[in-house]
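The sequence and structure are shown below.

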Amino acid sequence: MVRRSHIPAWVVSIVGWRLHRQSVVFALLVGVIASVRCATTDELAPPAGAVLSGLLRSGALPTMSDPERATIELGRFLYVTDCADCHAPEPVLAHTLSAWQEILPRMAHESKMNSDEVAAVRAYVSALHRLASTTAR
Ligand code: HEC
């Protein structure tokens, strides 16, 4: 004999709706989290190698000496380490080059960088801006 359920239909429908609603809310949450995920460090401050090869490939720079290359690599390294001591690495291209003229001395002071280190960070920021302006054309 089939035992009839003693659970009233209205309870079944409410529980069903709640479960359904939970899955809808869950799916929405996953979507929101996926779309507002933090940008990766490489998106905020692209690796020096990518910037250098991009610049050379675009023809913006015919050649680059080893010291220039090393300076930009050091600049990028400092940018994602020392410059990320107090806050997440700032998206380099979110600030114009002229804004950087004002920001860098102030932030270099914050990070107690010496003049070679500031120059390296400046070289990296400029190289990335240069690449962005050549690829935007
Ligand atoms: C000792 C902590 C500290 C270090 C190290 C530091 N910053 Fe900051 N940074 C701050 C604070 C605090 C702010 C926000 C308030 C302000 O502008 O002073 C800020 C803001 C910024 C901003 C937003 C623009 C603006 O004008 O405020 C940028 C870009 C930035 N920092 C880049 C850097 C870079 C590049 C470095 C490395 C050279 C660096 N920061 C190192 C503390 C720091």
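## Confidence

In this predicted model, the lowest mean pLDDT among the elements of the chain, 67, belongs to helix H1 (residues 9-35), and the highest, 97, to H5. Over the chain, pLDDT averages 86, and 83% of the residues score at least 70.

## Packing of H3 and H4

Two packed helices are described by the angle between their axes and the distance between the axes. For helix H3 (residues 48-58) and helix H4 (residues 66-80), the angle is about 140° and the axes lie 9 Å apart. H3 is therefore oblique to H4, since angles count as roughly antiparallel only over 145 degrees. The crossing of the two helices, H3 and H4, is right-handed.

On the H3 side, Ala48, Val51 and Leu52 take part in the contact; they meet Arg69, Ile72, Glu73 and Arg76 of H4. Sorted by class, this contact of H3 with H4 comprises 4 nonpolar and 3 charged residues, with no polar residue.

## Ligand surroundings

The ligand is surrounded by 15 residues, of which Cys83, Cys86, Glu90, Met107 and Ser111 are the closest. Helix H5 (residues 97-110) supplies the largest share of this shell, 4 residues. H5 is also the element with the highest mean pLDDT, 97.

By class, the shell around the ligand contains 8 nonpolar, 3 polar and 4 charged residues.

Notes: Residues are numbered from 1 along each chain as its sequence is written. This is a predicted model: local features need pLDDT of at least 70, side-chain atom pairs count only at pLDDT 80 or more; totals for chains, interfaces and linings use all residues. A residue is near a molecule or strand if its C-beta atom, placed from the backbone, lies within 6 Å of it. Ala, Val, Leu, Ile, Met, Phe, Trp, Tyr, Cys and Pro count as nonpolar, Asp, Glu, Lys and Arg as charged, and the others, Gly among them, as polar. pLDDT is the predictor's confidence in each residue, from 0 to 100. Axes are lines fitted to C-alpha atoms, for helices over the stretch in contact, and angles run from 0 to 180 degrees between N-to-C directions. Angles under 35 degrees count as roughly parallel, over 145 as roughly antiparallel, 65 to 115 as roughly perpendicular and the rest as oblique. A crossing is left-handed if the near helix is turned anticlockwise from the far one by less than a right angle, and right-handed if clockwise. Two residues are in contact if their C-beta atoms, placed from the backbone, lie within 7 Å.
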